[in-house]
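These are my notes on one structure, kept in the order in which I looked things up.

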Amino acid sequence: MTRDPAVVDDRRAPARGAFRGLDAAAYAAVGLSATLTVLIGLLGPSAMVPALPGPAWQPPYSLGARPDGHLVIVMAAAAIVLGGLGLAGALRARSGPAPRLLLVAGCATAGLLALLPPSGSADHLNYAAYGRLAALGLDPYAVTPAELPADPVTGAVEEWAGVTSVYGPVATAVHALASLVGGDSVRLTVFAMAAFNAAAFIGTALLLHRFTRADAVLCRRAALLWAANPLMIYHLAAGMHVDTLAVACMVAALVAHAAGNAARAGAVPGGPAVSGGSVISGGWWRAGSGVLLGLGIGVKLNAGLVALGPAWELRRSPRRLAVVAGTATATVLLTYGLAGPHVLDQVGAASKKVSLATPWQLVKTGLQAAFGPGAYSSWIQLGSTLLLACLAWLILRATPRATAPAVAAALVAAWLFAAPYALPWYDGLAFALLAMAGGASWPALETFVLARTVVLSLGYLPAREAMRPADLLWLKTLLRERVVPWSLLALTLALAWWAARAGARARRRSASAAPRP
């Protein structure tokens, strides 16, 4: 990738001496945030870290200090705030560590966290239970963990025990494989899943580094937006959410798509020039891109928004578009078809839910007060769809260059702000796409996504309800249910205002640059 000097060089920096000090402070905050995340896991079971039944000699390991719930929640809040402020400063810094150093530090931290118990939520216990059901020959899309209460793995679920799986068949296959490794031990099953998660996180970091390595500025930003991003370390490396697998598939798909473009032009990124068979080579890259897109959708359906990026770029090449769309569709049909008739049951139910911390919770409350319970679902679905379309159109108009990653980033960002049900770890997909889109030319959108992640993360402290101290109930009733929805509403309005203004400026520049008759 190459920079657009007309956009990148427009950044302004303060006096050199003062800025060096600010740079150091920003990177120190990033490092301290990641350290706090590691310490939360290292201390062992707490309000932030669910206990993992199983022999103590099995990984993951911790000190077993059982710290006070107030302490670890304060540590988590500090990690989020420091991480957000530090990342914002580092993304705007003129100086800083070499991209490779950031890459190594982030990957090493992710590897270390795989050896520690997951923190932040209890979702990994759900993953283990669904994987266990699949490994036992049962259908996790039709059988709930609560139906096997005596099983050591399904019986360990803290939340959603009476709910069938909402995750895609590719994610379930990974969890089933981890269950075969872990057997009756929750601890070993979780560690096997953590190993897959760390491999996906590190693999994504390496792909982003390779994709942007031709430009030092973009390469450093890519490392900050993913590998060394303290918020992604907190949610995806330490939290071990299934979104990491989806992000890895989608980033790999876009890298393969770019390789197909380069092969058609005569050279594969990072590789030797392609000879006269470049069109055939490009076809193979595009087929691979389609398969990877299908696998990502097989992890989480909403990751399918990324597929619209390559589709937009190939809209004038029906044959190449057909290769990508055909292989992606075939992969999706195969994976979901093999999963059985109930694979989408819970997805349909989940699509009607509204999470407590989104602005749609305010709409839901108002509609229920006016029309009674159950009256909100169709109106909110319609409203969120219209908002998604509006935000996507506005952001796309403000896009510096409509490449496949940029279009995908715009659509995913619009979805994050418009969705009735959204959680902070969903933002990992947006960060990875922004890294590929050339974030140095799109700082405003990065800022909105970063602010959203910080605000929403504070609203989910902790994401698990089981061991939150009783006197911290206000974290849910005040912060999550009131402060965060209003804050996100303000951010959404600000995003729309910025995108409208940025798009109008871009159109004026294009009009003034157009040749006059």
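I looked up arginine 132 first: it counts as buried because its relative accessibility is 10%. Buried here means under 20% relative accessible area, exposed over 50%, and partly exposed in between, with a 1.4 Å probe and protein chains only. I note that this is a predicted model, in which local features need pLDDT of at least 70 and side-chain atom pairs count only at pLDDT 80 or more, while totals for chains, interfaces and linings use all residues. Residues are numbered from 1 along each chain as its sequence is written, and side-chain values use heavy atoms, with hydrogens and water left out.

The cut-off for a salt bridge is a side-chain nitrogen of Lys or Arg within 4 Å of a carboxyl oxygen of Asp or Glu. How many salt bridges does the structure hold? I find five.

The partner I looked up for arginine 132 is aspartate 184, with the closest N and O atoms 2.6 Å apart. Arginine 132 is in helix H5 (residues 123–135) and aspartate 184 is in the loop between helix H6 (169–182) and helix H7 (186–212), so this pair ties together parts 52 residues apart in sequence. Helices are DSSP runs of H or I with at least four residues, strands are runs of E with at least two, and both are numbered from the N terminus. I also find Asp151 joined with Arg132 and Asp184 in a network of salt bridges.

Aspartate 243 lies in helix H10 (residues 243–265), lysine 300 in the loop between helix H11 (278–299) and helix H12 (308–313), so the pair ties together parts 57 residues apart in sequence. I checked the cover on both: aspartate 243 is buried at 9% relative accessible area, and lysine 300 is buried at 11%.

Aspartate 427 counts as buried at 0% relative accessibility, and arginine 452 is buried at 2% relative accessible area.

I then looked at H18 itself, which is mostly covered, with ten of its ten residues buried. Among them are Phe431, Leu433, Leu434 and Met436. Glycine 438 follows H18 and has a positive phi, near 85°.

Serine 33 sits in helix H2 (residues 16–43) and is buried, with a relative accessible area of 0%. Leaving out residues up to four places away in sequence, serine 33 touches Ala79, Leu82, Gly83 and Pro230; contact means heavy atoms within 4.5 Å. Histidine 257, in helix H10, is buried at 2% relative accessible area. With the sequence neighbours up to four places away left out, histidine 257 touches residues including Arg286, Glu313 and Ala404.

As background, most residues other than glycine have a negative phi, and most peptide bonds are trans. Which peptide bond has omega near 0°? I find that the bond from proline 59 to proline 60 is cis with that value, and proline 60 is in the loop between H2 and helix H3 (69–91). The bond from leucine 461 to proline 462 is also cis, with omega near -20°, and proline 462 lies in the loop between H19 and H20.

Tryptophan 160 has a positive phi, near 65°; this residue is in the loop between H5 and H6 and is partly exposed, with a relative accessible area of 39%. Methionine 240 has a positive phi of about 55°, lies in the loop between helix H9 (230–237) and H10, and is buried at 3% relative accessible area.
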